[in-house]
Amino acid sequence: MSTVDLKLLSILLELHDTRNVSHAAEHLGLNQSAVSMSLARLRKYFGDPLFVNTHRGMEPTPHASQIIGRLKEAHHLIRSAIDHRDTFVPATSNRTFRIAATDVGQVVVLPSLMNRLRVDAPSVAVEFTNFSEQSHLQLESGELDVALGFIRPLVSGFHRQKLFNERFVCVVRSRHPRIRRRLTREDFERESHLVVTTRATGHTIVEKTLEAMTIRRKVGLRLPNFIGVSALLENTDLLATVPERFARIIARHVPVRVFPTPIAVPSYVVMQYWHARSHREPASKWLRAVIVELFQERHASRSSGESETPPARG
């Protein structure tokens, strides 16, 4: 291949189609001598005359016919690759999207997202995975399309887009024997707490705030996730500090009351994150646009396209 390039092979194909050096030169925009010299190089390379003169004009040798058949297959593949444009049609796609989020994120995001996909992309599937400290590596490798939540700053090559601000609230059962109309700081410090420990997410904000204010809460139960929180709050006197959207969802299903935190806990921003490798992929762009439409706060500023920040810098 060091002596045969694609241009020479194109000349070989054109000679096969036209069976005439001058006609091949005209079609290729070359002069006749250039085509003749190219044919000479090809004959030397393959060790075969390739075309011979007959009463019907130039005819390919058996060796040339075999070469031409394979070249046409290769030419078709190359042309297909050059002309390929990535497209995504939601209504007919059977794409599987992979999304990472905390278990709270799944409760908040999944119902609305799945209802939307059922209408706009009925054959699309979703795989939800728990957000972890490895999620950024999965975004980078393409194992994930997008991650949702509150993630510490990422290195270069990642994009992020704000969805909404979130704050923490406190939740107890409706018939709590000691907490009635309001939740005081004294209540907060006296009651036994249900604490969910999740790493690398916004839930660490509560721990850091209490530590900074030298407030020690009595932890009665510590869980690794939010799966059983609603049932435990309904049936015990435990107090939990959770994201407000999660609290409002469980309040629709179990008899609990939601209170502002009696101490000032900073709010945090929930974003969607993705890697530069999928930034322009039509399917991933469509998914991110759907998530923005469903969950981005209406007062948030939007650009004509995706209102993402530039890739994060290390």
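**View 1. Helices H1 and H2 cross at roughly 125 degrees, their axes coming within 9 Å.** H1 covers residues 6-18 and H2 covers residues 21-28; helices (H or I, at least four residues) and strands (E, at least two) are DSSP runs, numbered from the N terminus. Axes are lines fitted to C-alpha atoms, for helices over the stretch in contact, and angles run from 0 to 180 degrees between N-to-C directions. Ile11, Glu14, Leu15 and Thr18 of H1 meet Val21, His23, Ala24, His27 and Leu28 of H2, contact being defined as heavy atoms within 4.5 Å. The model is predicted, so local features need pLDDT of at least 70 and side-chain atom pairs count only at pLDDT 80 or more, while totals for chains, interfaces and linings use all residues. Residues are numbered from 1 along each chain as its sequence is written, and side-chain values use heavy atoms, with hydrogens and water left out.

**View 2. Helices H5 and H10 cross at roughly 65 degrees, with axes that come within 10 Å.** H5 spans residues 103-120, and H10 spans residues 244-251.

**View 3. Leu148 and Trp286 touch the most other members of the largest nonpolar core, which has 37 residues.** Such a core is a set of buried Ala, Val, Leu, Ile, Met, Phe, Trp, Tyr and Cys residues joined through side-chain atoms within 4.5 Å; buried means under 20% relative accessible area (1.4 Å probe, protein chains only). Among the elements that each supply at least two residues are strand S3 (96-101), strand S5 (146-149), helix H8 (204-212) and helix H11 (282-295). H11 gives the most to this core, with seven residues. Leaving aside neighbours within four places in sequence, the contacts of Leu148 include Ile99, Val109, Leu163, Met271 and Ile291. Apart from this core lies another, of 20 residues, among them Val171, Leu223, Ala247 and Val254.

**View 4. The whole chain comprises 11 helices and 12 strands.** Of its 314 residues, 43% count as buried. Residues 24 or more positions apart account for 76% of the contacts in the chain with a separation of 6 or more.

Technical notes: Buried means under 20% relative accessible area, exposed over 50%, partly exposed in between (1.4 Å probe, protein chains only).
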